[in-house]
Amino acid sequence: MSQATSKAHQQAGSLWSSRMAFILAAVGSAVGLGNIWKFPYITGENGGGAFVLVYLACIAIVGIPVLIAEVMIGRRGGQSPVASMRELTATEGTRKGWRLIGWNGIVASFLVLSFYSVIGGWALVYVFKAASGMFTGADADAIGGTFGGMLASATDLLLWHSVFMAIVIFIVGRGIRSGMERAINTLMPLLFVLLFIMVGYAMTTGKFGEAVSFMFSPDFSKLTTEGILTALGHAAFTLSIGIGVMMAYGSYLPQKVNIARTAMTIAVLDTGVALMAGLAIFPLVFANGLEPGAGPGLIFVTLPLAFGQMSGGVIFGTLFFALLLVAALTSAISMLEPVVEWLEEHKGISRAKSALGGGLAIWLVGVGTVLSFNNLADFHPLAFIPFFEGKTIFDLLDFLVSNLMMPLGGLAIALFAGWAMKRQGLDQEIGLKGGVYSAFMFVLRFLTPAGIAVVFLYNLL
Ligand code: PHE
């Protein structure tokens, strides 16, 4: 059956055209606002080095094994996460409860896109702001004021959120190959080049050494238990795992591609981009006397300062935010994919209509995030629970998806692949042999679940 569905994908011309195309698409999904916007600001909020170390450990122990398992499940199932899980629970003879993995994916990718799109809208505005030359020579106060002004206007944020969602709907509606591969093929490599340039610039600020020690010399006294959960959640968020996105992408993956090798490539590139973003941003933070823990505005304040001071800053700045926008789009596209694939299969709705209907519903939920930065900034829906006291709608959605649904989805995926699936032929499916395969299975079955469980227990106690 899974062979048959893969064939169906193949005949419809909807498999990735090559291993390279899949890598680019998966990297496109993984590399996004998470790396360039979120990683630096949560690193700043959580005190630097110790947080980075825990995050890297989470990538190694949880991120990579779950990524491998999730893509493998997707390819075996060959359909949307819900249908793939339904089929695999039948063919593998496991309990039906595992199907929750698929549902968790649909719901979580729906929710994550609702707020991701709002932040994507910020990147969109900043393309224009950078191009207008308004950052040239501006000081930290002026640039901070620009960012604050943008957040304060609910109508502006709503407009940009709408434009962003419209682009995502359009691309996904056109189909996986024609829509997505083309955009990703050319623009991702350009983003890497630009990040290198920004790190190069950061080296000239005189605070590069301070930034390196902030990021890489761990001070464990600064690490809280919530910080550890954030690091775990971010490891899942940045690799797009635990919510069916990589499963959906894996369902389009040709049988001959080696999953383990591909997953390693994705994880290395993704982590590289995050660390480079940190190395580009923290020197600017220190050189301008800014606060590393400033929160979600961090890159929107530090980078414009740099662009305002360097020669050719208008061009570099415009290009940078344009590429950030592309990185955000390629991730957003992947979030809509599970929802659309599910609507197509289960409701028999055409791809274009699924993208439109699903996208509109997501857009609507996104309005809650839009308002979290202005009219409803002081609305804390769960204020009666001490832990959630100061959290806005955006904070709560982010917490729910990134810190709960993604890591717990990852846990379930590791357990399903490690314990519930039949072992026969799994080594070939994954693309690992002999001792390496055994070592991998040991990690997936024991270390990955234990790692996630420990972080959660630690937070509950
Ligand atoms: N990995 C993306 C990023 O870092 C976000 C993402 C999360 C994409 C979940 C898809 C699914 O920006």
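This is a predicted model: local features need pLDDT of at least 70, side-chain atom pairs count only at pLDDT 80 or more; totals for chains, interfaces and linings use all residues.

For Ala30, a backbone N or O atom lies 2.9 Å from an oxygen atom of the ligand. A polar backbone atom of Gly34 is 2.8 Å from an oxygen atom of the ligand, while a polar backbone atom of Phe237 is 2.8 Å from a nitrogen atom of the ligand. On its own the ligand has 320 Å² of accessible area, and the protein covers 100% of that area.

The ligand is located in the largest cavity. A search of the whole structure finds three cavities of 30 Å³ or more.

| Space | Volume | Lining by class |
|---|---|---|
| Largest pocket | about 350 Å³ | five nonpolar, five polar, six charged residues |
| Largest cavity | about 100 Å³ | nine nonpolar, six polar, no charged residues |
| Second largest cavity | about 50 Å³ | five nonpolar, five polar, no charged residues |

The largest cavity has a lining of 15 residues, and Ser29, Tyr116, Phe237, Ser240 and Met335 lie nearest its centre. At least two lining residues come from each of α2, α3, α6 (100-131) and α15. The greatest contribution to this lining is that of α15, with three residues.

The second largest cavity is lined by residues including Ala130, Met134, Phe135, Phe307 and Val314. Both α14 (298-309) and α15 supply at least two residues of this lining, and α15 gives the most, namely three residues.

The largest pocket is lined by 16 residues, among which Tyr41, Glu45, Glu226, Lys391 and Asp398 lie nearest the centre. Each of α3, α11 and α17 (393-420) supplies at least two residues of the pocket lining. The largest share comes from α17, which provides six residues.

Definitions and conventions
Residues are numbered from 1 along each chain as its sequence is written. Side-chain values use heavy atoms; hydrogens and water are left out. A polar contact is a pair of N or O atoms within 3.5 Å; within protein, one must be able to donate a hydrogen and the other to accept it, and residues adjacent in sequence count only if both atoms are side-chain atoms. Accessible areas come from the Shrake-Rupley method with a 1.4 Å probe; for residues, only the protein chains shown count as cover. On a 1 Å grid over the protein atoms alone, a cavity is a set of points where a 1.4 Å probe fits but cannot get out, and a pocket is an open set with protein on both sides within 12 Å along at least five of seven lines; lining residues have an atom within 4 Å of a point. A molecule sits in a cavity or pocket if more than half of its atoms lie within 2 Å of its grid points. Grid points are joined across faces, edges and corners, and a volume is the space filled by probe spheres set on the points. Helices (H or I, at least four residues) and strands (E, at least two) are DSSP runs, numbered from the N terminus. Ala, Val, Leu, Ile, Met, Phe, Trp, Tyr, Cys and Pro count as nonpolar, Asp, Glu, Lys and Arg as charged, and the others, Gly among them, as polar.
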